Amino acid sequence: MNPNLRYLNPLPFIAVLRGITPEEVLAVGSALFDSGFRVLEVPLNSPRAFDSIRLLADRYATRCLIGAGTVIAVDDVARVREAGGQVIVMPHADPAVIRAAKAQGMVCVPGVATPTEAFAALAAGADGLKMFPAEALPPAALKAWRAVLPKDTLVFAVGGMKPDNLEPYWMAGATGFGTGSNLYKPGADPTGVRAVAQAYAGAIERLPAR
């Protein structure tokens, strides 16, 4: 069994904290952790992203999978690792970045939009796939991917995911989801983030068995 699956319990979500600052990251992280989120991503185009990653990594250690998103440069992989990050999430599927992440012993989830990209990413060592942008890729596309991808491939639908539109992707075979601006916007009050996070948690509880 893929050891990373434990971070998808109780919620199979990647929380994308784009624009978060070190001053607010622990309060927001606490709201998410308390609601069941165990994968927290700080995109590198956020203010002082490496400081935020370090704070989260120090706080949650092995309890969460902490790392960076929007990783597009090979050199940034080592910087994320030095900050305590354990996961590299990408908007694309550059094999060089994937290989750099695996060389550092990190989890890597590249973004893909076609079967060609998906298979190339897996061949480069990807631990899972970020179906991105999901709002432009209907559940039927994911269902078709599932017919040809290795059975145990982790696939996360990311982009436009809200509590009310998870089910079609879930039934098409999504392992989990990623959510960014629908969960957290820069400067958001942690109480509000907690309420939205709990709405996502409720939506997961209501998903049908498959």
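Buried, in this account, means under 20% relative accessible area, exposed means over 50%, and partly exposed lies in between (1.4 Å probe, protein chains only). The structure is a predicted model, in which local features need pLDDT of at least 70 and side-chain atom pairs count only at pLDDT 80 or more, while totals for chains, interfaces and linings use all residues. Residues are numbered from 1 along each chain as its sequence is written, and side-chain values use heavy atoms, with hydrogens and water left out.

The protein has eight helices and nine strands; helices (H or I, at least four residues) and strands (E, at least two) are DSSP runs, numbered from the N terminus. The C-alpha trace spans about 45 × 40 × 30 Å along its principal axes. The radius of gyration, taken over C-alpha atoms, can be set against a globule rule of 2.2 Å times the number of residues to the power 0.38. For 210 residues a compact globule would have a radius near 17 Å, and the 16 Å of the protein agrees with this.

Of the 210 residues, 52% are buried. Contact means heavy atoms within 4.5 Å, and among the contacts with a separation of 6 or more, 62% are between residues 24 or more positions apart. The protein exposes about 9,000 Å², of which carbon and sulfur atoms supply 56%; accessible areas come from the Shrake-Rupley method with a 1.4 Å probe, and for residues only the protein chains shown count as cover.

Next come the charges. Lys and Arg count as positive and Asp and Glu as negative, while His and the chain ends are not counted. The place of a charge is taken as NZ of Lys, CZ of Arg, CG of Asp or CD of Glu. On this basis there are 20 positive and 18 negative charges, and their mean positions are 5 Å apart.

Side chains of opposite charge can pair when their charged atoms come close. A salt bridge is a side-chain nitrogen of Lys or Arg within 4 Å of a carboxyl oxygen of Asp or Glu, and by this rule the count comes to five. One of them joins the side chains of Arg194 and Asp34, with an N to O distance of 3.1 Å. This pair links distant parts of the chain, since Arg194 belongs to helix 8 (residues 190-205) and Asp34 to helix 1 (residues 22-35), 160 residues apart. Arg194 is partly exposed, at a relative accessible area of 29%, and Asp34 is also partly exposed, at 49%.

Another salt bridge is formed by Lys102 and Asp127, whose closest N and O atoms are 2.8 Å apart. Here too distant parts of the chain are linked: Lys102 sits in helix 4 (residues 95-103), and Asp127 in the loop between helix 5 (115-124) and strand 7 (129-131), 25 residues apart. Lys102 counts as partly exposed, with 32% relative accessibility, as does Asp127 with 21%.

A further pair lies within a single helix. Asp51 and Arg54 form a salt bridge in which the closest N and O atoms are 3.7 Å apart. The two are separated by about one helical turn because they are three residues apart in helix 2 (residues 49-60). Asp51 is partly exposed, with a relative accessible area of 34%, and Arg54 is partly exposed, with 35%.

Helix 2 also holds Ser52, which counts as buried at 0% relative accessibility. Leaving aside residues up to four places away in sequence, Ser52 touches Ile20, Thr21, Pro22, Val25, Val42 and Pro47.

A cis peptide bond joins Asn9 and Pro10, with omega about 5 degrees; Pro10 is in the segment before strand 1 (13-16). The peptide bond from Phe132 to Pro133 is cis too, with omega near -5 degrees, and Pro133 is found in the loop between strand 7 and helix 6 (139-148).

For Thr70, phi is near 50 degrees, and the residue has its place in the loop between strand 3 and helix 3 (74-82).
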